[in-house]
Amino acid sequence: MHTIGILALQGAFLEHGQMLEGLGVEHFEIRQSDDLNRPMDGLILPGGESTAMGKLMDCLDMLQPLRERIAGGLPVFGTCAGMILLAKDLGDEPRRFLQTMDIRVLRNAYGRQLGSFFTRSTFAGMEDVPMTFIRAPYIEQVTAPDVEVLATVDGHIVAARQRNMLATSFHPELNDDPRIHRWFIEHLIEKPE
């Protein structure tokens, strides 16, 4: 049985928990640095406000321990703001957060709240995957050869995987399709490549 920690400082962490419950996967919320000492097989960084999450992680002395755990191979799944937290390059943005994934991300790439939208597309060979974008970023560029593009929408990269890290621009936890969470568990936790 796997146990997944969900960063629960801000954002859509409850919805990720509900998705994992539907898959029968144990999980717990990470709210303070002591929670990082609990055994976990994977980590989810939810969507929300990346700057707020980054500041809270910094204030709670979680940034460096999380960075080290991810760099050490802990499987991690970042959605929307979680993608921003993982990115090494945010273009002109002055703040950087975990800086573990070799991607350049454009924040609020689709505009503000009015730029939110829903579509269906292909993800890692799975067709008709529901994708909800809310003030979403996208990946402008992958900056290392081992970053695998998993999904594009309108010519923009909206999902990628690098070693133990999975990032999506969209919110799979806001739909009732569990395939992306299951893919994370099967490909990054159970059978890491």
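A: The lining of the largest cavity holds four nonpolar, one polar and one charged residues, where Ala, Val, Leu, Ile, Met, Phe, Trp, Tyr, Cys and Pro count as nonpolar, Asp, Glu, Lys and Arg as charged, and the others, Gly among them, as polar. This is a predicted model, in which local features need pLDDT of at least 70, side-chain atom pairs count only at pLDDT 80 or more, and totals for chains, interfaces and linings use all residues. Residues are numbered from 1 along each chain as its sequence is written, and side-chain values use heavy atoms, with hydrogens and water left out.

Q: Which residues line the largest cavity?
A: On a 1 Å grid over the protein atoms alone, a cavity is a set of points where a 1.4 Å probe fits but cannot get out, a pocket is an open set with protein on both sides within 12 Å along at least five of seven lines, and lining residues have an atom within 4 Å of a point. Here Val129, Pro130, Pro172, Asn175, Asp177 and Ile180 line the largest cavity.

Q: What volume does the largest cavity have?
A: A volume is the space filled by probe spheres set on the points, with grid points joined across faces, edges and corners. For the largest cavity the volume is about 30 Å³.

Q: Which residues lie nearest the centre of the largest pocket?
A: Gly48, Glu49, Cys80, Ile134 and Arg135 do, among 14 lining residues. The lining of the largest pocket comprises six nonpolar, five polar and three charged residues.

Q: What share of the residues is buried?
A: Buried means under 20% relative accessible area (1.4 Å probe, protein chains only). Of the 193 residues in the protein, 51% are buried.

Key: Buried means under 20% relative accessible area, exposed over 50%, partly exposed in between (1.4 Å probe, protein chains only).
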